[in-house]
Amino acid sequence: MNTGIVSMVYTQSEILQKEVYLFERIDSQNREIMKHLKAICFLRPTKENVDYLIQELRRPKYNFSNVISKSDVKSLAEADEQEVVAEVQEFYGDYIAVNPHLFSLNILGCCQGRNWDPVQLSRTTQGLTALLLSLKKCPMIRYQLSSEAAKRLAECVKQVITKEYELFEFRRTEVPPLLLILDRCDDAITPLLNQWTYQAMVHELLGINNNRIDLSRVPGISKDLREVVLSAENDEFYANIGSNIKNLMEDFQKKKPKEQQKLESIADMKAFVENYPQFKKMSGTVSKHVTVVGELSRLVSERNLLEVSENVKRLLQNPRVTEFDAARLVMLYALHYERHSSNSLPGLMMDLRNKGVSEKYRKLVSAVIEYGGKRVRGSDLFSPKDAVAITKQFLKGLKGVENVYTQHQPFLHETLDHLIKGKLKENLYPYLGPSTLRDRPQDIIVFIIGGATYEEALTVYNLNRTTPGVRIVLGGTTVHNTR
């Protein structure tokens, strides 16, 4: 039942090297009886999974990824009539490890309106406490005051730490770790923007699901590239977020000066890979990435995403701009200018209607204001210098295949910068309980209710790289693209 969690950190060949020859789900109905094999069951400790395990023990054909209740252990012991269980362990891996500094719980729609869905609050609490236990952290907790959901989650995590205090008795550090709980509604802009960094673009235009990309719809795709895996753990190129394909190829060319070949377009790169088997062998992952970038380039052109314009109205009238992207432009405009006395929102809404944008997408404009508008936000998302240039921020050019970083900085960057410098205001981000940190934090876990983005993950990656002595891990209920 934890297939996704395991597949994010272990390849099948690595599992085989550990002498694990069969990997099956416990809810599969067609499993063979193979009593000659020893089994490890790695399960989330839900009632459903405990019931499956009880059935398994009664007909044996065995770990939990979180804390299991004593009553459930008793039920399992009673079901183990044939005494096949050697031991039960609690292994705290109840989350998806996306990157070394990014985790997700793969939860979409965690709230009902502004309040938690009770089931998802419980699941999020379990995932967050499992992360703390696996990293051996007993943190002080701060939360976003403007969000009732953030306060509620902070209280639930604190309850678990108090109840399971023996599990959280780790060796004390000079400066205690800090858990900062934020709410996506404070920055609804970042998930709506086009990000021109590789990982974010892949997720925006193709979609990344547990590090897998479906390329089956790419015209003329070869059979072995219909689904590809992008994992920082096993892919040197993908791990180096700041690098790009062109640099890798040019490095290889320097070693073969007699056979220089200009690499100015994606087509040039494809030809280069096909013509040099030695390069393919040396860097086997590059062919995969060239294919992915080629498809990104096709989609960017098809959806006219490169056009940069300060005139939103003209963009809406462009027939190549899809109804989805047209609605997104108006959503971004609305979030910025909702309270401006001379805003053009009514006219833009009429333009959406005239363009034939469906009511489903038009309704999203008012929904995003209700979710992340000025009335809801605890902080000022837009500084004065942004006012003139807002439309320049959400469409930036992609030149060739260079990683072009946008001017936009997610609001998280400012929040973490203030936190690291000891300047994050306690009246906006209070501590849960009477204790406060006397020193600047060094070990920070940030969790965003409603989901994080790859752009925010890049912000954390860069802060980790440039701030000695500070280690930040980012997590969210999901990892967003615009959709």
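Asn106 is partly exposed, with a relative accessible area of 42%. The model is a predicted one. Asn106 sits in the loop between β2 and β3, the latter spanning residues 111-112. Its phi is near 55 degrees, a positive value in a residue other than glycine.

Lys136 also has a positive phi, about 55 degrees, although it is not a glycine. Lys136 is found in the loop that runs between α5 (118-134) and β5. Is Lys136 buried or exposed? Lys136 counts as exposed, because its relative accessibility is 57% and the cut-off for exposed is over 50%. Asn106, at 42%, falls in the partly exposed class, which lies between the 20% and 50% limits.

| Residue | Relative accessible area | Class |
|---|---|---|
| Asn106 | 42% | partly exposed |
| Lys136 | 57% | exposed |
| Val368 | 10% | buried |

**The sheet**

In what order do the six strands of the open sheet stand? The order is β1-β2-β11-β9-β6-β5, and the pairing is mixed. β1 (96-99) and β5 (140-143) stand at the edges. Each has a single partner strand, so one side of each is left without a neighbour in the sheet. On average, neighbouring strands of this sheet are turned by 25 degrees against each other, direction ignored.

β1 and β2 (residues 102-104) run antiparallel and are joined by three bridges. Next comes β11. Three bridges join β2 to β11, and these two strands run parallel. Here Phe103 stands opposite Gly475 in β11. On to β9. Six bridges join β9 to β11, again in a parallel run. Ile444 stands opposite Ile472 in β11.

How many of the six residues of β11 are buried? Five are, and the strand is mostly covered. A helix also packs on this sheet: α18, residues 411-420. α18 touches β5, β6 (178-183), β9 (443-449) and β11 (471-476). The direction of α18 makes about 150 degrees with that of β9.

**The helix pair α14 and α16**

Two packed helices are described by the angle between their axes and the distance between the axes. For α14 (residues 323-337) and α16, the angle is about 30 degrees and the axes are 9 Å apart. The two helices are therefore roughly parallel to each other, as angles under 35 degrees count as such. α14 passes α16 in a right-handed crossing.

Which residues meet in this contact? From α14 come Glu323, Phe324, Ala327, Val330, Met331, Ala334 and Leu335. From α16 come Tyr361, Leu364, Val365, Val368, Ile369 and Gly372. By class, the contact has 11 nonpolar residues, one polar and one charged.

**Val368 in focus**

Val368 lies in helix α16, which spans residues 359-372. Val368 counts as buried because its relative accessible area is 10%, and buried means under 20%. Leaving aside residues up to four places away in sequence, Val368 touches Ala188, Leu192, Met331, Leu335 and Gly373. Met331 and Leu335 are among the α14 residues that meet α16. Ala188 is 180 residues from Val368 in sequence. In space, the two are 7.5 Å apart, C-alpha to C-alpha.

Methods
Residues numbered from 1 in each chain as written. Predicted model: local features only at pLDDT ≥ 70, side-chain atom pairs only at ≥ 80, totals over all residues. Heavy atoms only, no water. Pairing = 2+ DSSP bridges. Helix = DSSP H or I, 4+ residues; strand = E, 2+ residues; numbered from the N terminus. Axes fitted to C-alpha atoms, helices over the stretch in contact; angles between N-to-C directions. Contact = heavy atoms within 4.5 Å. Buried < 20%, exposed > 50% of the residue type's maximum accessible area, 1.4 Å probe, protein only. Parallel < 35°, antiparallel > 145°, perpendicular 65-115°, else oblique. Left-handed = near helix turned anticlockwise from the far one by under 90°. Nonpolar A, V, L, I, M, F, W, Y, C, P; charged D, E, K, R; others polar.
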